[in-house]
Amino acid sequence: MTLSRLATFALAFAALASAALPGPAHAAAASSAGATASASATDTLQVPRIAYRQRKLANGLTVLSVESHGSPTVSVQVWYHVGGADDPEGKSGFAHLFEHIMFKGSKHMKSEQFDRLTEDVGGENNASTTEDVTAYQAVVPSNHLETLLWAEAERLANLRVDEANFHSERAVVQEEYRQRILASPYGLFFETVSTRPYLRHPYRRGVIGSIENLDAASVTDVVAFHDTYYRPDNATLIVTGDFEPRQLDAWVDKYFGPIARPQAPMPPRQTAEPAWTADRTITVKAPNVPLPAVATVWLAPPVTDADAPALQVAAALLSAGESSRLNQALVYRQQIATQASFSTDLRAGPGLLIASAIAAGGKSPAAVRSALLAEVKRLASRPASRAELDKVKTLLLTAAFSTRQTPLGLAAAIGDAAVLGGNPERVNTDLDDLRRVSAADVQRVLRRYVTGAHSVALDYLAEGSTQ
Amino acid sequence: MKLAALLTLLVAATASAQTFDTPPPPAAPRPLTIAAPVEQVLANGLRVIVAPRDGVPLVTAMLVVLSGSELDPPQLSGLASMTAGLLTQGTRRRTGPEIAAAAEALGGTLDSGAGWGQSLVSITVTTPRLGAALGLVAEVAREPTFAPAELDRLRKQTLDALKVSYADPGTMASLTAARLAYGSGAWGHPASGTPASLPRIRQADLVALHRATFRPDRAVLILAGDIGAERGVALANAHFGSWAPAAGVAAPLPPAPPTLAPGGPTVAIVDMPAAGQAGVVLALPLPPRQGAERAAADVLDAVLGGGYSSRLSQEVRIKRGLSYAVYSRIEPRGKSGLFQAALQTKNESTAEVVSLLQAEIDRIMQAPVAADELASRKLSLIGGFSRTVETTAGLASAIRSLVTTERSPAELKTRIATIEAVGPADVQRYAAAHFGAAGRRLAIAGVADRFAGALRAEAPGLVVVAQPQLDLERAEGLRRE
């Protein structure tokens, strides 16, 4: 689950979006993982290699950059290898709360001054926290690049927060919890799906935490968390867009170079998740469930595993686009579900494969699950055609093109590869790997991780429901 | 606050390393230049607008028909939306699944839908696939079959989707606010239909609306991205050149522009006892806007609720922690627009945030915006626009916004200068003229017990409707206590 400092306009105006006017967000709903095609029809759709520059400062900071001059803007992003899985015990939600606090002032910046340096000059900023990483993502007119580099270095080196700012921002995050989890009709469902199946891994705690766990956090925790994780050797700076490479290097050296690398090693993350040795079921009843929802969840290998690309292609065959198998079978032909999906929630550690659906009116959760699993099994037992494989690879490729049109999207793709994937070159090789996936690969990984593995079945029902 | 500042804690062990204590100033700006799109009208009256953008081999193709939900007849809310939605669900040549598979094999998703003043079909594909994609756009726009089985299927799906929307307090408040503002007129109903209206829609209604409104002389084809004007027009001619209006059918006249509903309640609460938050929307109908006045309204909107640092966000989120997100926007209704400020908050905070919203609107009417605040909000607005046109889909949408509000696509090029020219007096004058208390309408969806009492003191005429009883099909649905 990804949480952001700022709601997107779409979230704030979900109501208006439901007025049936399609927006660009609907185009290619597939994951941004990106792909190119196999030998036939998709040969003309090679995504050009991203020629990034890589530097490593003496203090351990990794710097990645791509120059492009399509518009006079530049994206400056700092990704830290810390996330919800690193929350202090009993303080779930802390890494995400901390991300918000990073905007509340430093030794030489007032609270919200970061917004003065971005939004007020025609740029924008946001930040997001997942289980594994925290990313700070700004876009500014390119003549403000030096200022932004100064500001990112400043809050890495000199974060300060006072009690009043801490408490007001914690209240904001608690409202974010209420908006996402309590007010949104399926918020609690998706939060439960991505956390409760874990037996022991810290992923079990989720990213947003709870009102009580957030109440338990203090300014002292902020100090300790910053000391522990916000250090140059745990950070990756990414700059894309309209800049001069030599000028960039000089500014990076000037502002980030003097930040010392702490002596203490990074604390290890508790990462063990025992093998799932039996099927389990979880039933959640909530006050605001317009239609029942079901999910079946399996453990996935880490995002860096060689099987990850085949799982992503399997997910695309099942649920990318209106012509996908789950949509055609459950929503169109059987009319048993209002929506159905199969997603690969791949993480640094063990991730999740999630088949889920929201029932159509009057349909039972058991019937919906049965239809959902039947389609997954069908793909595991019979190979997809060449044309169908080509289709999903073209969809994934076009989505990658779309994402990489802007400095923001390009830098985010590099950040994902470098920080979550552990190697920036993955921004190029991941697409090659997807192109090579065969129908047999798809069947093999589904048999290994899905049909041949234990699962957790989750039912999400209205309170008082007897189903 | 001062005491708290004394308690400030030094966080990083590495603090002393950073010795640069003021931000370096920006360098000289490098201005963004946006080319004016090229426009040509085909012999059948279809306007073709091509907006080239280099860099990535992608093109967004968007066919916009210049009418939409404002033509929904009384009792048939959602007709334009269902008509547009069904375009992709079957043509004389292909079934719905075949159309989806063909589009997705090209790498894009064929979207169709309707809103205020517009119905559209769009797709984004890589350049070599543009011709095939335009073939699909033309096929679904010109030859849809509206098969009864498909109508039934989409109707069921839409009814289920409404169940989900109606469980969301933000959505409920927004739909209710539009009804409060516009009453029973053509512009106040839910564009996506209601549980009462959708079952009334028949195949003949869809066919008749399509025949009357999908015609080349009331449509615009937008091509944005990796495409030149000459090739764009040639492709348009190849796929749309033979398109003609249905014989013997006149294009329907647009309804009168929306105006504030006379009489009726000004504040409504939709009681949702299970809601985890309250959704709050303050709406204000704005009259038709043009030229400098439109820019003044946009800047006013940016000062009040555009972006994180707007006044509403400062007061509600930053100072008081009362909401995760508070935004405003002006949703076009033809040349008119509905201003809406929206947020969600815990039920108990509802009356407090309502006071804050009202006070901020009062303030912008009473005092000019300070020069530095105005400058930063204008830059923020300009920056948002500049980033929108960085993608092919965003560029196409920006042109769509112009043509559906009867503006020239050439305004793409002058948009930044028009915003830059807005001064504090322009904003205050617009606010004073159009943001008075008489035009404000307030809709709140949430657990009424927890805030109705406090609100009643401020708004004695408020109505409370239990969500299951709310009928958005009629303005009268909001008139019972």
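Chain A splits into domain 1 (3-7 + 50-256) and domain 2 (280-462), with bounds that come from an automatic or database domain assignment. This is a predicted model, where local features need pLDDT of at least 70, side-chain atom pairs count only at pLDDT 80 or more, and totals for chains, interfaces and linings use all residues. Residues are numbered from 1 along each chain as its sequence is written, while chains are lettered from A and ligands numbered from 1 in the order in which they are written. The model comes with ipTM 0.91 and pTM 0.92.

**Domains of chain A**

- Taken over C-alpha atoms, the centres of domain 1 and domain 2 of chain A are 27 Å apart.
- Contact between these two domains of chain A involves 33 residues of domain 1 and 33 residues of domain 2; two residues are in contact if their C-beta atoms, placed from the backbone, lie within 7 Å.
- On the domain 1 side of chain A, the elements giving two or more residues are strand E3 (62-67), strand E4 (73-80), strand E6 (134-141), helix H7 (187-193) and strand E8 (235-241). Helices (H or I, at least four residues) and strands (E, at least two) are DSSP runs, numbered from the N terminus.
- E4(A) supplies the largest share of that side, 5 residues.
- By class, the side of domain 1 of chain A that touches domain 2 of chain A has 17 nonpolar, 13 polar and 3 charged residues. Here Ala, Val, Leu, Ile, Met, Phe, Trp, Tyr, Cys and Pro count as nonpolar, Asp, Glu, Lys and Arg as charged, and the others, Gly among them, as polar.

**A sheet in chain A**

- Chain A has an open sheet of 7 strands in the order E1-E5-E6-E4-E8-E3-E2, with mixed pairing; two strands pair if DSSP finds at least two bridges between them.
- Strand E1 (3-4) and strand E2 (53-56) of chain A sit at the edges with a single partner strand each, so one side of each has no neighbour in the sheet.
- E1(A) pairs with E5(A) in the antiparallel sense over 2 bridges, and Ser4(A) has Ser128(A) in E5(A) as its bridge partner.
- Strand E5 (residues 124-129) of chain A runs antiparallel to E6(A), joined by 6 bridges. Asn125(A) stands opposite Ala138(A) in E6(A), and E5(A) and E6(A) form a hairpin with 4 residues between them.
- E5(A) is largely enclosed by the rest of the structure, because 5 of its 6 residues are buried. A residue is buried if 20 or more other C-beta atoms lie within 10 Å of its own, exposed if 12 or fewer, and partly exposed in between, with C-beta atoms placed from the backbone.

**Helices across the sheet**

- Helix H5 (residues 145-158) of chain A lies across E4, E6 and E8 of chain A, at about 15 degrees to E4(A). Axes are lines fitted to C-alpha atoms, for helices over the stretch in contact, and angles run from 0 to 180 degrees between N-to-C directions.
- Helix H15 (residues 407-420) of chain A lies across E3, E4, E6 and E8 of chain A, at about 150 degrees to E8(A).

**Where chain A meets chain B**

- 99 residues of chain A are in contact with 102 residues of chain B.
- Helix H6 (residues 163-183) of chain A brings the largest share of the chain A side, 12 residues.
- That side of chain A divides into 51 nonpolar, 29 polar and 19 charged residues.

**Chain B**

- Domain 1 (38-240) and domain 2 (267-478) make up the domain assignment of chain B, and their centres, over C-alpha atoms, are 27 Å apart.
- The contact between them takes 43 residues from domain 1 of chain B and 39 residues from domain 2 of chain B.
- H6(B) gives the most to the domain 1 side of that contact in chain B, with 13 residues, and the side divides into 24 nonpolar, 16 polar and 3 charged.
- Ala204(B) belongs to helix H7 (residues 203-213) of chain B and counts as exposed, with 9 C-beta neighbours inside 10 Å.

**Confidence in chain B**

- Chain B has a mean pLDDT of 93, and 95% of its residues reach 70 or more; pLDDT is the predictor's confidence in each residue, from 0 to 100.
- Residues 1-18 of chain B have pLDDT below 50, and this stretch has 44 contacts in the model beyond near neighbours in sequence.
- Where pLDDT is low, the predicted coordinates should not be read in detail.
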